[in-house]
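Subject: Handing over a structure for you to read

Dear colleague,

Please find below the structure that I promised to pass on to you.

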Amino acid sequence: MLLEEDGREGRIRGKVRFESCHRAEIDRMDKVRVRFAPSPTGYLHIGGARTALFNWLYARHTGGEFILRIEDTDDARNSQEAIDVILDGLRWLGLDWDEGPMSGDPDAPGKGDKGPYFQSRRKEIYLQKVEELKSKGMAYDRDGAVYFRMKKEATIIDDMVVGKVRRELTDREAADPDFVIIRSDGKPVFHLVNVIDDLLMGITHVIRGEDHLTNTAKHIALFEAFGAQAPRYAHIPLILNADGSKMSKRDEGASLMTYPQMGYLPQAVINQLVLLGWTPKGNREILPVEEIIKEFDLPQIHRANARFDMNKLKHINYEYMRKLSMEEFVEKGRKMLESRGVLNEKSDPVFVQKALETCKDKVKTFAELPDYAGFYFTDVLKYDTELIKAEFTSEASNLLKELCRRYSEVEDFVAANLESILKTYAKELGIKVGPLVHPLRLAVTASKSGPSLYHLMEVLGKQIVLNRINSFINNQLD
RNA sequence: GACCCUAUGGUCUAGCGGUUAGGACACCACCCUUUCACGGUGAUAACCCGGGUUCGAGUCCCGGUAGGGUCGCCA
């Protein structure tokens, strides 16, 4: 009734959204049940992960239930491995589900009493429901397939994010609105199984990507054909590449699993994903997930697609890395170094810890560690000739020699001593510390940036530091 | 082609009829500093276009344009 006859619904959109919000409040008198229903394609798309996140957030916000359902109808490309990718991804993000599979085995018992939670194990249910449709005259056979008898008129979709949408028929639908629900090979199609499962699993809110918005007309018709009321819909905008194109499987960062591999923290990824579609009140951006749960709601979700900004993610990740305790940082850093083959069995745990401690709050992701701290764990430094040309002059060689001599006399090889010796020497020469510090760092780490120079030398130890300086000077004389 | 959604700096956004259009990331400069980073200060940078409504429009309406989505016996 809010929609005026002449199609001027745009004029009253503001009002419609308000009404939608209001209705959402009323709907909460029933327990919210939402679901994430991915297809096991072998990877978890970052957009899919955010869809899962929004569903999970809404369930936690409302005290409802979050259900995981595997849409493995296309069994040709399904495997337990592909399902594990999904389960592992959700677990890494910390999105726990109240119902659904607990492992990648479709025949293993899941959690919840509305199963099976694998569509591949629900075929009888679908066929039975199709018979129901046929008996009602809502479905019929044609060309070996089963078609659904779709009404030939526009559909009103009352979406909690987009607002009230009047979806007209496309030209194709105007010619023939009916669509296939069972293929001629006997397999049920997505629209059918999706609706039946949502119906039987008591889903109250469908939160999914906007790419499903126009398909929703089909789904609503199906629900009505079953004599049921359709759930509330909330279509969320898509995540695009940095250049605005659609993010597909091959694109950088499209797969969720690249984020743990690249050394990102799950809290950071969660925070970044939620910001791409929702904004907390009060000009805040970095906020713990508990806080997000408290504030999150559907009507405030953005309407427009967003581009994925890797720089922003790095920044957010850095903020979370700074909050890590030294123990947590060292532990995660150690794992990264191990997985990249920087460490081996003979790496001294105490040395590794001391080395990593000098890197805390210095890198934005754990994946930077192998480069950043690599000099600690190698016997042969690789010097960049361009860097040497830029940083190392002939006079630097003499300065380093003298510095090396003074360091060789140090008994207590600790940062404070190394610092005061260097500064004293610089003062004697009447120069700033730069001309000493830069060549020294280059000689000892083969890099122009890194952890605190004095602390890193302390960790490295007198013998290694002196050796590196000497061999560096000798090499440059060639 | 038909249908649907969207449109504020490079990116993510705040804004809900009257603002010097706010913040974050990125970028640049300077300060701090043993490098990098952090921190601090500052700079550059935006309401897609055209009509309307209104005393007044980023904000409401219409139309373009652009981007995205859907139109499968894919999901």
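A polar contact is a pair of N or O atoms within 3.5 Å; inside protein, one of the two must be able to donate a hydrogen and the other to accept it, and residues adjacent in sequence count only if both atoms are side-chain atoms. With that in mind, a polar side-chain atom of K362 lies 2.8 Å from a base nitrogen of RNA strand B.

Before going further, please note that this is a predicted model, in which local features need pLDDT of at least 70 and side-chain atom pairs count only at pLDDT 80 or more, while totals for chains, interfaces and linings use all residues. Residues are numbered from 1 along each chain as its sequence is written, chains are lettered from A and ligands numbered from 1 in the order in which they are written, and side-chain values use heavy atoms, with hydrogens and water left out.

Of the atoms of RNA strand B that come within 4 Å of the protein, 73% belong to sugar and phosphate.

By class, this surface has 20 nonpolar, 20 polar and 24 charged residues, where Ala, Val, Leu, Ile, Met, Phe, Trp, Tyr, Cys and Pro count as nonpolar, Asp, Glu, Lys and Arg as charged, and the others, Gly among them, as polar. Helix α11 gives the most to it, with 5 residues. Helices (H or I, at least four residues) and strands (E, at least two) are DSSP runs, numbered from the N terminus, and chain A has 20 helices and 11 strands.

As for the overall form, chain A has a radius of gyration of 30 Å, whereas a compact globule of 478 residues would have one near 23 Å; the radius is taken over C-alpha atoms, and the globule rule is 2.2 Å times the number of residues to the power 0.38. Along its principal axes, the C-alpha trace of chain A spans about 95 × 50 × 40 Å.

Of the residues of chain A, 49% count as buried, a word that stands for under 20% relative accessible area, with exposed over 50% and partly exposed in between (1.4 Å probe, protein chains only). One of them is Y117, in the loop between α3 (80–93) and α4 (123–135), which is buried because its relative accessible area is 4%. The side chain of Y117 reaches the backbone nitrogen of K114 at 2.9 Å.

Where is S255? S255 lies in the loop between β10 (239–240) and α8 (258–261), and its relative accessible area is 16%, so it counts as buried. Although S255 and H45 are 210 residues apart in sequence, they are 4.8 Å apart in space, C-alpha to C-alpha. Leaving aside neighbours within four places in sequence, S255 is in contact (heavy atoms within 4.5 Å) with Y43 and L44.

With best wishes

Terms used. Near = heavy atom within 4 Å.
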